[in-house]
Amino acid sequence: MPSTLTTKQPTIQLKTEVPGPRSRALFARRESAVPRGPFHVTPIFAAEAHGAALTDVDGNRYLDFAGGIGCLNVGHTNDAVVKAASAQMARLVHSSFNVVPYESYVALAERLNALAPGTFKKKTFFVNSGAEAVENAVKIARVATGRSSILAFEDGFHGRTLLALSLTSKTHPYKTGFGPFAPEIYRAPFAYCYRCSYHLQYPSCAIACVDALEDVFKRYVPAEQVAAVIVEPVLGEGGFVVPPGEYLPRLRALTEKHGILLIADEVQTGFGRTGKMFACEHSGVVPDILVTAKSLAGGLPLAAITGRAEVMDAPGVGGLGGTFGGNPVALAAAHAVLDEFRDGKLLERANAIGEAFRTRALAWKTRVPLIGDVRGQGAMWALELVKDKATKAPAKEETTQVTQKAYERGLLTITAGTYGNVIRTLMPLVVSDAELREGLDVLEAALTAVGGGRG
Ligand code: PLP
């Protein structure tokens with residue numbers, strides 16, 4: 001495992017104004033050559049990154065609490081990942097698993113089958129991205145059940161390809177103008193207790209949002225037509241919303257009652273982010289299909305659909321596939337990632353990171369009026385910013401300003417939330433204690449600069 005020893009020098013080193021001249025020049029070229037659609041949280045251009053630090057083309061070094069949107073749980077250019085992927089590059093880059101298969105694919109499937117929750121026999125199939133994995137999970141669930149409808153949640157995010165985007169709940173900017181969307185998708189509120197759709201309070205609500213699904217089955221789609229419920233155990237893009245402990249078990253019971261498959265989308269929560277290998281493990285809920293991607297291959301594109309063997313075998317021969325899915329280099333990287341998790345230290349580290357964040361953030365909340373909610377699990381923590389703690393009016397502009405002030409001071413963070421008013425942390429789990437303190441100091445300064453309160 002990479003070192004988490006305390007560093008003597010600060011990681012953040014800014015040599016130019018941010019963005020520096022080289023980044024600014026590249027940005028101008030980018031504007032002319034690349035469509036405006038792909039958004040950037042920062043205007044800096046990356047040159048290299050190691051561990052939890054990223055250096056831009058002007059030689060400025062930043063602390064990275066965004067981790068390429070949660071893909072770098074084992075750290076940037078993790079030594080073992082680089083070694084495994086480089087060695088694989090020289091042996092076999094691509095033969096397509098659909099033309100000439102290779103052992104590393106089968107071996108990684110075996111490892112994920114063993115790691116995924118559930119004692120039943122499982123099988124795994126690989127694709128390139130989270131969205132592609134979600135699409136395949138839905139296709140498999142439809143064939144396995146002979147049913148067509150899918151139930152997804154408000155504030156959920158499942159990707160940007162057309163079926164995945166149909167499941168995604170946020171309109172602007174993700175969905176605006178891209179319809180018509182896939183049919184037979186139904187939606188219900190998630191257990192977003194800070195903004196409960198039913199204006200109830202936990203625990204006196206008795207998790208009414210799960211009971212409300214019975215209503216959906218009466219009003220919108222009969223349960224016997226629903227192939228699967230797809231759920232993120234902790235909402236990612238939706239704002240790091242952690243449901244109460246009983247929520248997922250109640251949802252699991254409801255799906256079992258109606259013969260509906262449960263798809264857990266652990267694209268963002270997977271591989272240690274929440275302090276367990278998979279977030280489902282916190283509640284003991286066992287999904288029928290588990291979808292993973294992001295940190296699976298240490299920054300290389302790889303995604304997996306792992307599920308009950310009989311469900312996964314429902315599509316016929318040739319029904320599933322893709323040219324690049326389960327690429328040998330990405331698979332070699334993923335084997336190295338799983339090796340890094342073997343001794344359990346990264347999971348311990350995720351919990352320690354989360355505890356450090358929680359302690360600091362709760363102290364900020366008492367003195368920074370902007371912070372409405374502090375929530376998270378493991379190393380997946382977030383701040384929801386509001387203009388007024390009583391009305392909870394989302395503070396979107398202020399959230400953007402905080403991320404801007406943070407990167408200008410050398411800390412990379414990203415936002416989330418349907419209202420764009422959540423700051424989330426997806427730092428590599430190899431971040432050292434000193435780096436964590438340094439990053440939190442910057443975040444505190446940025447919050448204080450925008451939101452007032454004592455520093
Ligand atoms: N599902 C979840 C929960 C995600 O967070 C994401 C991406 O952020 C996706 C699916 C889509 O993954 P990708 O961007 O790799 O297509």
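Predicted model: local features only at pLDDT ≥ 70, side-chain atom pairs only at ≥ 80, totals over all residues.

Residues are numbered from 1 along each chain as its sequence is written, and side-chain values use heavy atoms, with hydrogens and water left out.

The protein chain contains 13 helices and 15 strands, taken as DSSP runs numbered from the N terminus (helices H or I, at least four residues; strands E, at least two). Because a compact globule of 455 residues would have a radius of gyration near 23 Å, the 22 Å of the protein chain agrees with that expectation; the radius is taken over C-alpha atoms, and the rule is 2.2 Å times the number of residues to the power 0.38. Of the 455 residues, 56% count as buried, meaning under 20% relative accessible area with a 1.4 Å probe, protein chains only.

Four strands form an open sheet of mixed pairing, in the order S1-S2-S3-S13; two strands pair if DSSP finds at least two bridges between them. Its edges are strand S1 (46-50) and strand S13 (411-412), each pairing on one side only. S1 and strand S2 (residues 53-56) run antiparallel and are joined by four bridges, and His50 has Ala53 in S2 as its bridge partner.

Strand S10 (residues 303-308) is largely enclosed by the rest of the structure, because five of its six residues are buried. Strand S4 (residues 122-127) pairs with S10 in the antiparallel sense over six bridges, with Arg308 in S10 as the bridge partner of Lys122. Strand S9 (residues 289-292) is also antiparallel to S10, through four bridges; here Leu290 has Thr306 as its partner.

Methods: Buried < 20%, exposed > 50% of the residue type's maximum accessible area, 1.4 Å probe, protein only.
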